[in-house]
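Here's a quick briefing to read alongside the model. Have the viewer open as you go.

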Amino acid sequence: MKLKKLITPPQQSLRNAGWDWMLGEDTLPYITDDMVVVSEQEAEQYYEATNELYEMFIEAAQHVIDNNRFDELGIPENLVPIVKYSWDNDKQWHLYGRFDLSGGIDGKPIKLIEFNADTATCIPETAVVQWASLKANNLDESQQFNTLYERLVENFRELQSQNPGFQPSLLISTMRDYPEDDTNMQVLGEAAKEAGFEVAFEYIDEVEFSATEGIYKQNPADGSFTKYDYWFKLVPWEYIGWDEPELAEILTNIVTNKKAIVLNPAYTLLFQSKGILKVLWELYPNHPLLLQTESKALQGKQSVEKVLFGREGANVRILSADGYALENNDGEYFEQNTVFQEYTEFIQDKTGNYYQAGVFFAGEACALGFRKGGKIIDNKAQFCGHIIE
């Protein structure tokens, strides 16, 4: 692989934007000074592979629903009704998600690692920072596979046209003390505003939910409540199902009674679960974009053990062909069931760092970025932009 060093690094632009969390304190800065060089053909292959994978995920999700395999995927039972409803309702729009892929550079085949379909982050660094890095270095701003922001705007417009009975009012919520989540939602909110939405923000613990009326934010100045017909929550659906069963029931009533539209819709849980990787392999055995995935350790093959709803590389183990742990990341998800995915090595630079491609999907594949780290890409990984040459 080839890297292009940026003469003007992105750090000052990030400080100007107030995104200090990207700079790192006692660690390496989160945004690298390099860009991965990608050919036009390689960018096109990422685009085509991601679009094909999304269609395969649709087929796999339909199979899970038709055969009632929710438990196998770890879907909380109290969320099954809203998962089914949102799947059957074409107006429940999947706004965006991010595919994590290996390969794609130097002739290495693209392979699906997983799909972050519900609460994917890396929006600002993908949509804004890597593009701004080209501009800051007087490079051609069109030399990227990167229309994420434009696609988000278009999806919000389409969402509005598909749901004429709902007001274009959007409340965005995150959990407290995650500044990177707030920054992701700032970009999402700007896209919604450009599409004609009235946009507000509130942490999820302050949002008011009514099973019969909908979703509200209270005005602290006068105590009044404002109703919002759309709610985007950067809070995983499985957390709501496991930890907030009352909220799960309320949201089911709100959505099925058409009091509000919740984004991303509950059916994205089916895509998010690592259990669907096994279903994909069953439906598309030996597909060139897939890695063998089973519920038991693979015989005679190096594999990766993953929990069904792990995040940021937590509770991931790389196992040798005879089942010994070669790499291991601890985490909070150890009580979950696991799947075993055939091991594939990420692309490497000359110093031994590994790179995982991330391709956003928002109606179609729309943006490429890379995360740089070790054999297990975790929360210590850096973001590395790309340039097409």
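Is Asn68 buried or exposed? Asn68 is exposed, at a relative accessible area of 55% (exposed is over 50%, buried under 20%, partly exposed in between, with a 1.4 Å probe and protein chains only). Keep in mind that this is a predicted model, where local features need pLDDT of at least 70, side-chain atom pairs count only at pLDDT 80 or more, and totals for chains, interfaces and linings use all residues. Numbering runs from 1 along each chain as its sequence is written, and side-chain values use heavy atoms, leaving out hydrogens and water.

- Asn68 has a positive phi of about 50° without being a glycine, and it sits in the loop between H2 and H3 (helices are DSSP runs of H or I with at least four residues, strands are E runs of at least two, both numbered from the N terminus).
- Cys122 is another non-glycine with positive phi, near 75°, but Cys122 is buried, with a relative accessible area of 6%.
- Look for Cys122 in the loop between strand E4 (111-116) and helix H4 (123-136).
- The Leu263 to Asn264 peptide bond is cis, with omega near -15°.
- Asn264 belongs to the loop between strand E11 (261-263) and helix H9 (268-272).

**Nonpolar cores**
- The largest nonpolar core has 71 residues (a core is a set of buried Ala, Val, Leu, Ile, Met, Phe, Trp, Tyr and Cys residues joined through side-chain atoms within 4.5 Å).
- Tyr46, Phe271 and Phe370 have the most contacts inside that core.
- Helix H2 (residues 40-66) supplies the largest share of this core, eleven residues.
- Another core, of 34 residues, lies apart from it and includes Tyr30 and Ala192.
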